[in-house]
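Visitor: I'm new here, and I'd like to learn how to read a structure like this one. Could you walk me through it?

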Amino acid sequence: MRHPWFAASGTPRVLAHRGLVTPDGARSGIVENSLAAVAAAQAAGAAYVESDCHLTADGVVVLFHDSDLSRVTGDPRTVAEVTVAELARLMESRGGLVTLAQALDAFPTVRFNLDVKATDAATPVGRAVAAYGDRVLITSFSDDRRREAIAAAAAADRGILPATSAGTGTIARLLGGLALRSQRRVARALEGIDALQVPERQRGLRIVTPRLIDAAHRHGVEVHVWTVNEPDDMRRLVGLGVDGIVTDRADVALAALA
């Protein structure tokens, strides 16, 4: 059976990367992963929002991509060095800070795709989403972090466990199995995985190929490609058979793939 996270819409899925910041929104000061950006993605019709999780100095999980605040707010400190109140003040004119708990409560129809960015955030993320597992997918570049988050959700025992997407180690093992044409290695790599969320290419290596897509689909695993902002690229990838497009312009993608 498919995890309920996948029930929000059919394919191709459009995942709003860090919410949605339109050109008009950017001119008014709205930034990625803000409350306004998540609200804009929902208003545009996106069923899925991809976001990132860090932990503040006082132990609150917030939606924020970078480990430091300099790019988004101009403050040189890291997320781990500020309290949630301090970060809220910095984000006040930028669309508003949103904590993970607030996002899950304020957007009850949105499916969240959460990338655990900080090691210290893994267990708090798992605990926070435990009661919302039907509409959360946990991912991380680190397989250890995503497994720790899933384990924390399981320990909380609040219902359905979140879905999960493979980390870089798992993807490397999968690519190795495909290169060796080893069905056993491919099956082992994909065990317990609901989705592969990958770039089309990485450092000159083509990741998204018909062989990868076919192997994933044989094992009931979806393929989502990031970060795709051009409509022609979106349509081309969907034509190859990918199941989801992770994009900064969910509004454009929803129109292009309708």
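Guide: The largest cavity has a volume of about 30 Å³. A word on the source before we go on: this is a predicted model, where local features need pLDDT of at least 70, side-chain atom pairs count only at pLDDT 80 or more, and totals for chains, interfaces and linings use all residues. Residues are numbered from 1 along each chain as its sequence is written, and side-chain values use heavy atoms, with hydrogens and water left out.

Visitor: What is a cavity, and what is a pocket?

Guide: Rolling a probe the size of a water molecule over the atoms shows where empty space is left. On a 1 Å grid over the protein atoms alone, a cavity is a set of points where a 1.4 Å probe fits but cannot get out; a pocket is an open set with protein on both sides within 12 Å along at least five of seven lines. Lining residues have an atom within 4 Å of a point. Points are joined across faces, edges and corners, and the volume is the space filled by probe spheres set on them.

Visitor: Which residues line the largest cavity?

Guide: They are Val 31, Glu 32, Asn 33, Phe 64, His 65, Asp 66, Val 72 and Met 91. By class, that makes four nonpolar, two polar and two charged residues. Here Ala, Val, Leu, Ile, Met, Phe, Trp, Tyr, Cys and Pro count as nonpolar, Asp, Glu, Lys and Arg as charged, and the others, Gly among them, as polar.

Visitor: How much space lies in the largest pocket?

Guide: About 500 Å³. Of its 27 lining residues, Phe 141, Gln 197, Val 198, Pro 199 and Trp 226 are the closest to the centre. Helix H8 (168-179) is one of the elements that give two or more residues to this lining, and H8 gives the most, with four. Helices (H or I, at least four residues) and strands (E, at least two) are DSSP runs, numbered from the N terminus.

**Rings together**

Visitor: How many aromatic pairs does the structure hold?

Guide: Three. A pair of aromatic rings is described by the distance of the centres and the angle of the planes. Rings of Phe, Tyr and Trp (its six-membered ring) pair if their centres lie within 6.5 Å; planes under 30 degrees apart count as stacked, over 60 as edge-to-face and the rest as tilted. Trp 5 and Phe 6 are edge-to-face, at 4.9 Å centre to centre and 80 degrees between the planes.

Visitor: Why is the pair of Trp 5 and Tyr 48 called tilted?

Guide: Their planes stand at 50 degrees, with the ring centres 4.4 Å apart, so the pair is tilted. This pair links distant parts of the chain: Trp 5 sits in the segment before S1, and Tyr 48 in strand S2 (residues 48-55), 43 residues apart. Trp 5, Phe 6 and Tyr 48 form one aromatic cluster.

Visitor: Is Tyr 48 buried or exposed?

Guide: Buried, with a relative accessible area of 0%. Buried means under 20% relative accessible area, exposed over 50%, partly exposed in between (1.4 Å probe, protein chains only). Trp 5 is buried too, at 0%.

**Strands side by side**
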